[in-house]
Amino acid sequence: MTTSRTAPPSVDRLAPWAFAEFVEANTHDTAYRPPVVDGPVGPTIVQGGRELVNFASISFLDLERHIPVRRHFAEGAHAHGLSTSGSRMTQGICRPHQVLEETIARRTGKERAISFATGLLANIGFVTAMSSSAHFDTGIEVRNHDTVFIADRDVHWSVWKGLEGLGYGRNVHAFRHNDAADLARILNRLQTGENRKIVVIAESIYSADGTMGPIVEILDACDRYGAISMIDDANGFMVYGPENRPYAREATAIRERADFVMVSLSKAIGLEGGAIAGPAAAIDAFELLSGTSMFTAAIQPPTAYAAERTIEALAVQPAIVDDYLAHAARLREQIHASGTATTPTDSYMLSVPIGNDAAALQMREWFVEDGYLVPVFSYPAVTRNQALLRLFPHAGHTEEQMDGFLRTLVAYRRRLGM
Ligand SMILES: Cc1ncc(COP(=O)(O)O)c(C=O)c1O
């Protein structure tokens, strides 16, 4: 029997969703078809066939220069295969997951950790587990539908996705961004009985604006009102911590005082995956209650293996992160010296306020024409006409690339009368 080629199914039935109109209305400021990248991403990127100096990479440490990550990946693939080929509950976890989870628990200062295929799934799983009710044949049940969450308004999309549907104003509240006094006000209002189950969620470094949250004050408020804390440390994990680095106070508080910590392996670790670390009994219960560990695939074994090797290498070679932070601080100083303001933080993420959305989008196009990939946050990612350039300095950027970028930025600002 021969099979004849048929056309792909028509999308006529999708008309009520108005996708075509949506794309049409938005193509002026958003690339809806992701550009295709050839070769590995690093300080430069080959996008759509053109090499650009890359200020968009969230894996910014240029690790391969110091740690044989690809060799570790190959060793992991050889020893443990490419796939877990089954869920944690039916087949179990691979040895690299176990070792990775132990390492993350140790590095975050928590009793235990559970890994997820991505940090996004870790956050959704955390919220799901903390608000689940389940009844087991053994007669054991948990009833946590009465959990109340209070989150910083700017926490990552994944936290809000998890909280969706839990009842805003009843089980879900938001405090003003980085405002621990507003959090305390909400806690004070909600704190009515001994058995309230309140979970406060905040980030360390906010990907939205590069700021470090007021971690100590948030944890103080949690202690005062008996709330559980969860800090999403996706952007701070293995970057902030030792005494000599910025935000040592916040990193120590996360380690010593936060009940739960979420980490992502797609940032400093340069791979993919995520985890929640916290008290052993809770983490064990998350196996059954989070959903995003049981009903989906795990981190691939070679990735789990290489991630663990990378975390340990970063711990014993602090110069890798120290040098990077000095490099990012140098670029910040040079931007300031050129008369350009950045948002006032001391993190490695650099945000240059541009304001007018159209001007920022114009700049992005000019940058690409001149050989630089510079992400722009404009409406709806941020408030209308409060557009920003969002730069991730890369450890592999040369002086020449940094100087070239600065000269280009100054020239554009002049051209736009800024
Ligand atoms: C604060 C924060 N939380 C969670 C995530 C999601 O992490 P992952 O990329 O591992 O899914 C990100 C990544 O953008 C993030 O910045």
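**Reading the model**

Analyst: A polar side-chain atom of arginine 245 lies 3.2 Å from the backbone oxygen of proline 318. A polar contact is a pair of N or O atoms within 3.5 Å; within protein, one must be able to donate a hydrogen and the other to accept it, and residues adjacent in sequence count only if both atoms are side-chain atoms. The model is predicted: local features need pLDDT of at least 70, side-chain atom pairs count only at pLDDT 80 or more, and totals for chains, interfaces and linings use all residues. Residues are numbered from 1 along each chain as its sequence is written, and side-chain values use heavy atoms, with hydrogens and water left out.

User: Where is arginine 245 found, and is arginine 245 buried or exposed?

Analyst: Arginine 245 is found in the loop between strand E10 (228-232) and helix H8 (248-257). Helices (H or I, at least four residues) and strands (E, at least two) are DSSP runs, numbered from the N terminus. Buried means under 20% relative accessible area, exposed over 50%, and partly exposed in between (1.4 Å probe, protein chains only). Arginine 245 has a relative accessible area of 8% and is therefore buried.

User: Which residues are the closest to the ligand?

Analyst: A residue is near a molecule or strand if one of its heavy atoms lies within 4 Å of it. Here 15 residues surround the ligand, and the closest are Gly119, Leu120, Asp232, Ser264 and Lys267. By class, the shell around the ligand holds three nonpolar, nine polar and three charged residues. In this classification Ala, Val, Leu, Ile, Met, Phe, Trp, Tyr, Cys and Pro count as nonpolar, Asp, Glu, Lys and Arg as charged, and the others, Gly among them, as polar.

User: Where does leucine 120 have its place, and why does leucine 120 count as partly exposed?

Analyst: Leucine 120 is in helix H4. Its relative accessibility is 33%, so leucine 120 counts as partly exposed. The C-alpha atoms of leucine 120 and serine 158 are separated by 5.3 Å, although these residues are 38 residues apart along the chain.

User: How is a sheet read, and in what order do the strands E1, E2, E3 and E14 stand?

Analyst: Strands of a sheet pair through backbone hydrogen bonds, either parallel or antiparallel. Two strands pair if DSSP finds at least two bridges between them. In this model four strands form an open sheet in the order E1-E2-E3-E14, with mixed pairing. E1 and strand E14 (372-373) stand at the edges with a single partner strand each, so one side of each has no neighbour in the sheet.

User: How many bridges link E1 and E2, and how many join E2 to E3?

Analyst: Strand E1 (residues 37-38) and E2 pair in the antiparallel sense over two bridges, with aspartate 38 opposite valine 46 in E2. Four bridges join E2 to strand E3 (residues 50-54), again antiparallel, and valine 46 stands opposite glutamate 51 in E3. The hairpin of E1 and E2 has five residues between the strands, and glycine 39 takes a positive phi near 80 degrees. In the hairpin of E2 and E3, with two residues between the strands, glycine 48 takes a positive phi near 55 degrees.
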